[in-house]
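Keep the model in view as you read.

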Amino acid sequence: EKTVDSVVNISTVKTVRVERGRYGLPFDDPFFRRFFGPEGQNGRPDTRRESSLGSGVIVSSDGVILTNNHVVRDADQVTVILNDKRTFDAKVIGADPASDLAVIRIDKKVDGLRPLPFGDSDKLRLGEVVLAIGNPFGLNHTVTMGIVSAKGRSNVGVAAYEDFIQTDAAINPGNSGGALINLRGELVGVNTAIASSTGEYQGIGFAIPANMAKSIMGTLAKGGKIVRGWIGVGLREMTPDIAEAIGLNKEGGVLVSEVFDDGPGKKAGLQPGDVILAVDGTSMENMSHLRNTIADLGANKRVTLRVFRDGREINLPVTLGERPENPEIARGREERGGRPKSFGGVVVSTLNQATRATFRIPDEVTAGVVVTGIQAGSAGERAGLQMGDVIRKINNRPAGSVDTVLREYEKAKNKVLLYVWREGSNLFLVLEKK
């Protein structure tokens, strides 16, 4: 009862371009287009006004509200409705798509606002009772109850940086941006997404931890830019097969699959095949844990990485750089181990400990590049290439690196001769360029 006044209904209106199907609307028919032109009826563009509903949490008495980025993204108009039915216009003052958080502010001074105090989300325990407050299906200030089902959920696919609290408190469309509170009435999370095959509640919901939200909100509220730390390496999850292949006898750690030129990792001496075990003494459980830890530390921070290399552990000091703003660069490199490099529909990667373990390539295959993906119907598939093949030569030149292979492919005119190792045998394949 004390906290519902701190949760608001957020209504947005935005202009969207209409994607019309074949004759999906009368004026799409060529007969009508003869009279009204290609832009729509009376020459108007194919756009429409779209409204949506979400939730938000009042976090300061001067009208600052925390919500999800996807609730207010691209909005032309944002309206806030309080629990006492008062309605106000608001403006987006900062957004961080990488975490799916946004901060808005009510346009005018409003009396009687009740900000919700932040709790310590790190102290949440599995099984602890939590309440979700929001506006599902436009039903204002609905309260549902559940428990903390899990912590540290990542790879959900909602945002680039994920460290979700999982809960079974009922969360439905319209709850996004609302409050997840503990029984002391403290904000411990921002409700963000559900795992569902129907689009509606099926027992699994996700909330951004309050500690993460509070840190990001502080920067956004001041109109600042979120600066995340970055090592400049490609990462891969450790598997038991890889650990056994490199002689690592402990769980956890993250494999370095690629080190980018001029990046902080390159300058610090990181190498492909290294396993990052800890950052400043904190053990890294998986790739998401490492990525989030480095991001939270920020740029220009000097840290010590505990690294496993060639059967022993070493310490490497690294001064973190700033994560590139281009999401394809940052997300592609850090989550997938570098932007995939390909030719003729064939994705190729460096021959290293990780690819050896994944495709069971023996040590006697000492050079070449590994085929790690093939596009269906591509020239590579027609040539007979398979995943796990090692391209040893291209046009009778040694395939010393991925870049070498790409250059030789570009130089070729019509046909490319490949000398390939496959399961103990060597064969020649011809790839036709088109």
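Accessible areas here come from the Shrake-Rupley method with a 1.4 Å probe. The model is a predicted one. On that basis the protein exposes about 21800 Å². Carbon and sulfur atoms supply 47% of this area. Of the 434 residues, 47% count as buried.

The protein has 10 helices and 27 strands. Look at contacts between residues at least 6 apart in sequence: 59% of them join residues at least 24 apart.

Now find the barrel. Six strands close into it, in the order S7-S8-S9-S12-S11-S10, with antiparallel pairing. Neighbouring strands of this sheet are turned by 45° against each other on average, direction ignored. One of the pairings joins strand S8 (residues 142-153) to strand S9 (residues 164-167). Three bridges hold this antiparallel pair. Val-148 stands opposite Thr-167 in S9.

Next, turn to helix H3. It lies across S11 and S12 and runs at about 50° to S12. How far apart are the end C-alpha atoms of helix H3? They are 15 Å apart. This agrees with the 16 Å that 12 residues (210-221) should span at 1.5 Å a residue.

Which residues of H3 are buried? They are Ala-210, Met-212, Ala-213, Ile-216, Met-217 and Leu-220. Seen down the axis of H3, the buried residues fall within an arc of 145°, so they line one face of the helix. These buried residues pack against strands S11 (187-194) and S12 (205-209). They also pack against S3 (64-68), S5 (87-96) and S6 (101-106). After H3 comes Gly-223, with a positive phi near 75°.

Notes. Residues are numbered from 1 along each chain as its sequence is written. This is a predicted model: local features need pLDDT of at least 70, side-chain atom pairs count only at pLDDT 80 or more; totals for chains, interfaces and linings use all residues. Side-chain values use heavy atoms; hydrogens and water are left out. Helices (H or I, at least four residues) and strands (E, at least two) are DSSP runs, numbered from the N terminus. The expected span of a helix is 1.5 Å times one less than its number of residues. Buried means under 20% relative accessible area, exposed over 50%, partly exposed in between (1.4 Å probe, protein chains only). The arc is that of the directions from the helix axis to the C-beta atoms. Contact means heavy atoms within 4.5 Å. Two strands pair if DSSP finds at least two bridges between them. Axes are lines fitted to C-alpha atoms, for helices over the stretch in contact, and angles run from 0 to 180 degrees between N-to-C directions.
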